[in-house]
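Please look over the model shown here before reading the report that accompanies it.

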Amino acid sequence: MLFKSKKTKRVDEDQYELLKNAEARIRQKKRLYYHFVIFLIGSVFLIVINKVLKYGEEYDWFVWAITFWGFLFAIHFFNVFVNHRFMGKEWERTQREKLVRRQRESIAQLEKDVEKEFLNSDLDKTE
C-alpha cells in the first residue's frame with residue numbers, strides 16, 4: 001500500500017501541474033481576446049474622435065495610432081501563439097533538466113578533484 005500511494009501521489013502532482021499549465025494558458029488566450037476587443041472598440045473610438053468630432057481634422061492621426069496599437073497587438077499575438085509553442089513549459093522543463101544535469105556533473109568533478117587532492121596530501125604526509 002505504501003508504494004501504491006507514492007505512485008498515485010506522483011500522478012496527482014503531474015495532473016496538478018498539467019491543470020496549472022492549462023489554466024495559465026487559458027488566461028493568456030483570454031487576455032489576448034480582451035486585447036483584440038478593446039483594440040477594435042478603441043480603433044472605432046479614435047476614428048470617431050478624428051472624423052466625427054473633428055479633433056485634429058486637418059491630419060488623419062488615427063491611422064498612426066491604430067497602426068501602432070495594431071503592432072502592439074501583433075506582438076501580443078506572437079507571444080501567445082508562436083513564442084509559447086517554442087518556449088513554453090516543455091522548453092522550460094528541458095532547459096531546467098539540462099542545467100541541473102550540468103550542475104551535478106560539475107559538482108561530481110569538484111568532488112573528484114577534492115578527493116584526489118586529499119589523497120595526494122595524505123600520501124605526501126606519509127612519505
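The report below goes from the overall fold to a group of aromatic rings.

This is a predicted model, in which local features need pLDDT of at least 70 and side-chain atom pairs count only at pLDDT 80 or more, while totals for chains, interfaces and linings use all residues. Residues are numbered from 1 along each chain as its sequence is written, and side-chain values use heavy atoms, with hydrogens and water left out.

The protein has three helices and zero strands, where helices (H or I, at least four residues) and strands (E, at least two) are DSSP runs numbered from the N terminus. Of the 127 residues in the protein, 12% are buried, a term that stands for under 20% relative accessible area, with exposed meaning over 50% and partly exposed in between (1.4 Å probe, protein chains only).

The structure holds five aromatic pairs; rings of Phe, Tyr and Trp (its six-membered ring) pair if their centres lie within 6.5 Å, and planes under 30 degrees apart count as stacked, over 60 as edge-to-face and the rest as tilted. Two of these pairs involve F39 and are set out here.

| Pair | Centre distance | Plane angle | Type |
|---|---|---|---|
| F39 and W69 | 5.6 Å | 85 degrees | edge-to-face |
| F39 and F73 | 6.0 Å | 5 degrees | stacked |

Because F39 lies in helix 1 (residues 2–52) and W69 in helix 2 (residues 62–86), their pair ties together parts that are 30 residues apart in sequence. F73 is also in helix 2, 34 residues from F39. Both F39 and F73 are buried, whereas W69, at 22% relative accessibility, counts as partly exposed. Ring pairs link F36, F39, W69 and F73 into a cluster.
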